[in-house]
Amino acid sequence: MSALTQATPGAVESGAAPEKELRPPSYWPFVVPALVVVLAIIIFPWVFTIWMSLNEWKVGSPTTFVGFSNYLRLTSDPRFIEAIGHTLAYTVLSVLLPLAFGTFAAVVFHQKFVGRGFLRGIFIMPMMATPVAIALVWTMMFHPQLGVLNYLLSLVGIPAQLWVFHPATVIPSLVLVETWQWTPLVMLIVLGGLAAIPTEPYESAQIDGASLWQVFRFITLPLIMPFLFIAGMIRMIDAVKSFDIIFAITQGGPGSASETINIYLYSVAFTYYDLGYGSAIAVVFFLLIVALAALMLYMRQRMLWSEMASDA
């Protein structure tokens, strides 16, 4: 009886150990669906796009491997080079103007006054509208003869403008729409930063007799800079790949005056059905977005190092 009792624990241990070793990890059933989604939605489309960019492939024709010929073709394509300039101009203006107006609006709405909550709600309404609906409304407003914008200009003696119907004014006009729609987003982000600022620096500045501009320049602006950086990053990525508003209002016109990389990519791939060349444009466009994002992160890191050095 004692021998059986002494042998039992050893037998149980020797039988339990293999069971524990052969048990599969419990987290795999949760990881596999996520990996399948990532492979199907992100990795496979990009691998397939890169493969298409290395081939000459037009709809209805067989694919022909051409290597990097599509990428070399981009360097001598005047419409693509022109589209890069339009994209950069549109992006810079669509980032700087909402940042400036959004910061100003955030400072105003941070103050306490009657009806502040109601006016905040009215102010953020543009960013809740759908881009196509916004484009249709602004298209009517931009009309040279029937648009309300030229009517308002006539009231103050300014001659009528062609707005999106002239190559010289089409990019600024589209930026006007972008600024109107996304200034509220910047305002909300900066408002969050203003709410996080302690009151002690403002009380000290008031005792020292600092002006409103000095308070903003030396207290408010440095403290909300991280929030401005986040807002600028969001706006940069969104503006550089903007498509819906530009396409709905001008479709890249007049001529190619508002043709950004996104619009040109759509035209090549789905108007001329040159999928190989369009894929090469998509790859270069993606690398451009990554480069701009990396540049902004680098600038932010330099600012952090400068702040740490000044504090030391």
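Is aspartate 238 buried or partly exposed? At 26% relative accessibility, aspartate 238 counts as partly exposed. Buried means under 20% relative accessible area, exposed means over 50%, and partly exposed lies in between (1.4 Å probe, protein chains only).

Before moving on, note how the model is read. This is a predicted model: local features need pLDDT of at least 70, side-chain atom pairs count only at pLDDT 80 or more, and totals for chains, interfaces and linings use all residues. Residues are numbered from 1 along each chain as its sequence is written, and side-chain values use heavy atoms, with hydrogens and water left out.

**Stop 1: residues 235 and 238**

Select arginine 235 together with aspartate 238. They form a salt bridge, with the closest N and O atoms 2.9 Å apart. A salt bridge here is a side-chain nitrogen of Lys or Arg within 4 Å of a carboxyl oxygen of Asp or Glu. Both residues belong to helix α10 (residues 212-240); because they are 3 residues apart, about one helical turn separates them. Helices (H or I, at least four residues) and strands (E, at least two) are DSSP runs, numbered from the N terminus. Arginine 235 is buried, at 1% relative accessibility.

**Stop 2**

The whole structure holds 4 salt bridges. Pick aspartate 274 and arginine 73 next. Their side chains meet in a salt bridge (3.3 Å, N to O). Aspartate 274 is in the loop between α12 (261-270) and α13, and arginine 73 is in helix α3 (residues 69-75), so the pair ties together parts 201 residues apart in sequence. Aspartate 274 is buried at 7% relative accessibility, while arginine 73 is partly exposed at 39%.

Now go to arginine 79 and glutamate 259. These side chains also meet in a salt bridge (2.4 Å, N to O). This pair links distant parts of the chain, 180 residues apart: arginine 79 in helix α4 (residues 78-110) and glutamate 259 in the loop between α11 (244-249) and α12. Arginine 79 is partly exposed, at 28% relative accessibility. Glutamate 259 is buried, with a relative accessible area of 5%.

**Stop 3**

Select α12. Of its 10 residues, 8 are buried, so this helix is largely enclosed by the rest of the structure. Among the buried residues are Ile261, Tyr264 and Val268.

Step back into the loop between α11 and α12, where proline 254 lies. The peptide bond from glycine 253 to proline 254 is cis, with omega near -5°. Glutamine 251 is in the loop between α11 and α12 too. Its phi is near 55°, a positive value in a residue other than glycine. Glutamine 251 is exposed, with a relative accessible area of 56%.

Jump to tryptophan 163, in the loop between α7 (148-155) and α8 (170-196). Phi of tryptophan 163 is also positive, near 55°. Tryptophan 163 is buried, at a relative accessible area of 15%. Most residues other than glycine have a negative phi, and most peptide bonds are trans.

**Stop 4: the nonpolar patch**

Show the surface and colour Val37, Ile42, Trp46, Phe286 and Val290. They are among the residues of a nonpolar patch with about 1,000 Å² of accessible area together. Patches are made of residues with over 30% relative accessible area and no salt bridge; like charges are joined within 9 Å, nonpolar side chains (Val, Leu, Ile, Met, Phe, Trp, Tyr) within 5 Å. Accessible areas come from the Shrake-Rupley method with a 1.4 Å probe; for residues, only the protein chains shown count as cover. Helices α2 (28-53) and α13 (275-311) each supply at least two residues of the patch. α2 gives the most, with 9. Isoleucine 42 sits in α2 and is partly exposed, at 47% relative accessibility.

**Stop 5: charges over rings**

Finish with arginine 217, which lies over the face of phenylalanine 218, at 5.1 Å from the ring centre. Then select arginine 300: its charged end sits over the ring of phenylalanine 229, 5.9 Å from the centre. A charge sits over a ring if NZ of Lys or CZ of Arg is within 6 Å of the ring centre and within 35 degrees of the ring normal.
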